[in-house]
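Welcome, and please take a moment to look over the sequence and the model. A guided walk through some of its features comes next.

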Amino acid sequence: MTKMREGTWIRPDLVSFAVKLALAAYVLAFIAVILVPNAYHAPTGTVLLTDFLSFWAAAREALAGMPAAPYDTAAFQAYQTSLSGDPATFFSFLYPPTFLLLVLPFGTTGFVPAFVGFSLAGLALFLPAMRVIIGTWRHAVAMLAAPMVINTLLHGQNALISAGLLGLALSAMERRRHFLAGLLIGLLTYKPQLGLLIPVALLAAGDWRAIFGAAVSAILFALASWAAFGIEPWFAFLAQAHLGTEILENGWVEWGKMVSVYGAARVLGFSSPEAWVCQGAASVAAVVAVAVVWRHVRDFTARACVLIAAGLLATPFALTYDLTVLLVPVAFLVRDGLRRGFLPWEVTGLALVVILGAATGGIGLYLGLPVAPLLVAIVLALGLARAKAAGADQPASGMS
């Protein structure tokens, strides 16, 4: 127990070896998914059955002059089937037209080059964010060994983009570059459910420059998509807004793959109304935690941990690859731990978050244990512990 409390059970030399081994394995796994026949390969042999198929297909339809087509579920499913030859597999496009604008360039080429290019784009944003936070390229590259990273890459998902934007925004805010932080936050509106509590944090801190920057960025982002595609995709997006709730309540995406409290409650056998009560309670607690910490706590690592973890607890719709955003607070905690020392249980908590980060879906699906919210709760607890250690009676700094 002493070793667990102090974190001495983790040896730096073994961590270094594990990082190198993991990075090599990830490269081989990514190449194998593309080249070696496996369950991801579609019958047509031209695409992979990953979430990126939705992004790529939506981009191709937009380039063909039909930017609203991805929001017509039946038509979009038929189009995906024509690409994959697999009528049983369908990936919805639940994103606003701003994200369609981001993925548009990837529709200009074949699926495999687009898939690789999208993955590299996510890494190109995520890695500098880790470097800015943690301080060295060596430690930033080591963060790529977290299993959540390869989980995101194999899904062809956008969590690395979200983590990169969050990391760069929080780092800019810590350096008192509040308007820049706001501009980056505005870009996160491409996936609004991950930023539900950011306005709470900024209002609690009185960071009006960041709020102004976020408003400018979000408005310009939306206007750019309007200029590119017209207003029709926005109406179509709003018309299918109910689809996310239907997917969630009907379990069309397995609840074991969810990060949310709602998904965990359904895995444990709760009815939908009961699960919504649990989710509501978690959301209220998350709002209170963010408001209190961002109003009263000076320590920025505590703020980053609480904001991102509470944001995941507050949203009912987040999947296992979205746990990648937890690497942002992990980077802040590792940085502070290396500089000033780790708090009791901090190293063990971080190890659990990183090691189990890509296993929560399997544990939820096959063992019926909803682990994902527990990992989020660990990060939230570590942030609150940092806040307590820093002292919660001081006004937030740098928010003039």
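This report visits a helix, some salt bridges, cavities, a surface patch and a few backbone details. Please keep in mind that the model is predicted.

## A covered helix

The buried residues of α8 are Pro147, Met148, Val149, Ile150, Asn151, Thr152, Leu153 and Leu154.

What covers them? The cover over the buried residues of α8 includes α2 (12–35), α6 (111–134) and α7 (137–143), and also α9, α18 and α19. Just after α8 comes Gly156, with a positive phi of about 65°.

## Salt bridges and a network

How many salt bridges does the structure hold? There are nine salt bridges.

| Pair | Closest N and O atoms |
|---|---|
| Arg335 and Asp336 | 3.0 Å |
| Glu254 and Lys257 | 3.4 Å |
| Arg340 and Asp299 | 3.5 Å |

Let us take Arg340 and Asp299, which form a salt bridge. Arg340 lies in helix α18 and Asp299 in the loop between α16 (272–296) and α17, so the pair ties together parts that are 41 residues apart in sequence. Which of the two counts as exposed, and which as buried? Arg340 counts as exposed because its relative accessibility is 55%, over the 50% cut-off. Asp299 has a relative accessibility of 13%, under the 20% cut-off, and therefore counts as buried.

Helix α18 also holds Arg335, which forms a salt bridge with Asp336. Arg335 is buried at 7% relative accessible area, and Asp336 is buried at 5%. Leaving aside neighbours within four places in sequence, Arg335 is in contact with Ile133, Ile134, Glu174 and Thr301.

Several of these residues meet again in a network of salt bridges, which links Glu174, Asp299, Arg335, Asp336 and Arg340.

The pair Glu254 and Lys257 also forms a salt bridge.

## Empty space inside

Next, a look at the gaps. Rolling a probe the size of a water molecule over the atoms shows where empty space is left. The structure holds four cavities of 30 Å³ or more, and about 90 Å³ of space lies in the largest cavity.

Which residues line the largest cavity? The lining is made up of Leu166, Leu194, Gly195, Leu196, Leu197, Ile198, Leu307, Ile308, Gly311, Leu312 and Val325. Helix α17 (residues 300–314) gives the largest share of this lining, with four residues.

## A nonpolar patch on the surface

Turning to the outside, Ile219, Leu220, Leu223, Trp226, Ile231, Phe235 and Leu238 form a nonpolar patch on the surface. Together they have about 730 Å² of accessible area. The elements that give two or more residues to this patch are α12 (208–229) and α13 (232–239). Of the patch residues, four come from α12, which is the largest share.

Leu238 is one of the patch residues and has its place in helix α13. With a relative accessible area of 54%, over the 50% cut-off, Leu238 is therefore exposed.

## Backbone details and a buried threonine

Where does a positive phi turn up in a residue that is not a glycine? Arg176 has a positive phi of about 65° although it is not a glycine. Arg176 sits in the loop between α9 (159–174) and α10 (178–187), and at 55% relative accessibility it counts as exposed.

Trp345 is another non-glycine residue with a positive phi, near 70°. Its place is in the loop between α18 (327–340) and α19 (346–355). Trp345 is partly exposed, with a relative accessible area of 38%.

In helix α19 we find Thr348. Is Thr348 buried or exposed? Thr348 counts as buried because its relative accessibility is 5%, under the 20% cut-off. Not counting residues up to four places away in sequence, Thr348 touches Met4, Gly7 and Trp9.

Key. Residues are numbered from 1 along each chain as its sequence is written. This is a predicted model: local features need pLDDT of at least 70, side-chain atom pairs count only at pLDDT 80 or more; totals for chains, interfaces and linings use all residues. Side-chain values use heavy atoms; hydrogens and water are left out. Buried means under 20% relative accessible area, exposed over 50%, partly exposed in between (1.4 Å probe, protein chains only). Patches are made of residues with over 30% relative accessible area and no salt bridge: like charges are joined within 9 Å, nonpolar side chains (Val, Leu, Ile, Met, Phe, Trp, Tyr) within 5 Å. Accessible areas come from the Shrake-Rupley method with a 1.4 Å probe; for residues, only the protein chains shown count as cover. A salt bridge is a side-chain nitrogen of Lys or Arg within 4 Å of a carboxyl oxygen of Asp or Glu. Contact means heavy atoms within 4.5 Å. On a 1 Å grid over the protein atoms alone, a cavity is a set of points where a 1.4 Å probe fits but cannot get out, and a pocket is an open set with protein on both sides within 12 Å along at least five of seven lines; lining residues have an atom within 4 Å of a point. Grid points are joined across faces, edges and corners, and a volume is the space filled by probe spheres set on the points.
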